[in-house]
Amino acid sequence: MGAYVYTGSDQRRITRVIPDLIRHRELLMELIWKDLRVRYRYAAVGFLWAVLEPLCMTVILSLVFFILVPSKTGQHGLTPLLVLGGYVPWQFFSNSILTATRSLVDNPHLVKKVAFPREIIPLAAVGGGLVNLVIGIVLLGVIGAFLGLRPGIELLYLPLVLTILIAMAIGLSLLLSSLNVYFHDVSYLASVALMFAFYASPVFYSIDLVRGALEQHGAPRLLYLYLANPMAGLIGAFRQAVGVPIESPAPIPHMLVWPAICAVLLLAVGVVVFRRNAPTLSDNL
């Protein structure tokens, strides 16, 4: 199979992104597998951590926010499932962004010595997170089945929800990883921003709880500001799609309009910024 020589203006061509990735798909798969091997190589339980991490976080969040600090919803029996339904997509999004943002800086030997589309490096980080996302969904389905919950027709929306989530993660990963080569502060800013977004997203609570609190304080219109965070609608739609009970859900299509717009914009900006900077990435590492 032939290979392109990536020099000068060729690396900037937006129209070559998809053909380049298809041509080098085997390298992408190899880097994803390498990332997974490195991540779990020295762990005593190995790949089992992909299951244990969301379970442990669910227990911790449920204990802290719904037992030590009881909620007013009165739905304690469903709380762990609600938390897991929020944490599974959040874990993929957060871990993908954090790993991808540093991916180019952490692999200067690849960027400088090997001729291939540089997008593959941050995409491999997202691909590694995608494996954990699939495991998390299966885990959620198993626990839900054990508790007697059955997804409805909304399950048909799950591929669309995941597509938007993955597109948003890829767009941000491309954008932040390329900027981090020139400004190493970007990785620290991303970490802080994700920490804030964790509490500003309905990971361990429902959107309905936010709506009720705002109405109680006489500020229901602030819900629109809260929903400006695209992860709020995505997590809410994800919970509905997998059958996690919530009190008064909005229709999934309504919840996905704004996240879909954000995903398209972020993906476009990420691809353009990355390609424009691709020829000079190796010079700044």
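## Helix H8 and its cover

A residue counts as buried when its relative accessible area is under 20%. With that cut-off in hand, let's look at helix H8 in this predicted model: 18 of the 25 residues of H8 are buried, so the helix is mostly covered. H8 runs from residue 158 to residue 182. From its first C-alpha to its last, H8 reaches 37 Å, close to the 36 Å expected at 1.5 Å a residue.

## The chain as a whole

Stepping back, the chain holds 13 helices and zero strands, and its pattern along the sequence is simply α-α-α-α-α-α-α-α-α-α-α-α-α. Of its 285 residues, 46% count as buried.

The contacts reach well along the sequence, too. Taking contacts between residues at least 6 apart in sequence, 80% join residues at least 24 apart.

## H4 against H8

Two packed helices are described by the angle between their axes and the distance between the axes. For helix H4 (residues 79–101) and H8, the angle is about 20° and the axes are 8 Å apart. That angle is under 35 degrees, so H4 is roughly parallel to H8. The crossing of this pair, H4 and H8, is right-handed.

Which residues meet here? On the H4 side they are Pro89, Phe92, Phe93, Ser96, Ile97, Ala100 and Thr101. Facing them from H8 are Leu165, Ile166, Met168, Ala169, Leu172, Ser173, Leu176, Ser177 and Asn180. Sorted by class, the contact of H4 with H8 has 11 nonpolar residues, five polar ones and no charged ones.

## H4 against H9

H4 has another packing partner in helix H9, at an angle of about 170° and with the axes 9 Å apart. Because angles over 145 degrees count as roughly antiparallel, H4 is roughly antiparallel to H9.

By class, the contact of H4 with H9 comprises nine nonpolar and four polar residues, with no charged residues.

## Ala263, a residue of H13

Ala263 sits in helix H13, which covers residues 252–277. Its relative accessible area is 3%, under the 20% cut-off, so Ala263 is buried. Leaving aside residues up to four places away in sequence, Ala263 touches Ile164, Ala167 and Met168.

## Two loop residues

Is Ser206 buried or exposed? Ser206 is placed in the loop between helix H9 (185–200) and helix H10 (207–216), and its relative accessible area of 10% is under 20%, so Ser206 is buried. Beyond residues up to four places away in sequence, Ser206 touches Leu82, Arg239 and Ile246.

Leu147 belongs to the loop between helix H7 (120–146) and H8. Here the relative accessible area is 49%, between the 20% and 50% cut-offs, so Leu147 is partly exposed. The C-alpha atoms of Leu147 and Leu81 are separated by 9.1 Å, while the two residues are 66 residues apart along the chain.

Key. Residues are numbered from 1 along each chain as its sequence is written. This is a predicted model: local features need pLDDT of at least 70, side-chain atom pairs count only at pLDDT 80 or more; totals for chains, interfaces and linings use all residues. Side-chain values use heavy atoms; hydrogens and water are left out. Helices (H or I, at least four residues) and strands (E, at least two) are DSSP runs, numbered from the N terminus. The expected span of a helix is 1.5 Å times one less than its number of residues. Buried means under 20% relative accessible area, exposed over 50%, partly exposed in between (1.4 Å probe, protein chains only). Axes are lines fitted to C-alpha atoms, for helices over the stretch in contact, and angles run from 0 to 180 degrees between N-to-C directions. Angles under 35 degrees count as roughly parallel, over 145 as roughly antiparallel, 65 to 115 as roughly perpendicular and the rest as oblique. A crossing is left-handed if the near helix is turned anticlockwise from the far one by less than a right angle, and right-handed if clockwise. Contact means heavy atoms within 4.5 Å. Ala, Val, Leu, Ile, Met, Phe, Trp, Tyr, Cys and Pro count as nonpolar, Asp, Glu, Lys and Arg as charged, and the others, Gly among them, as polar.
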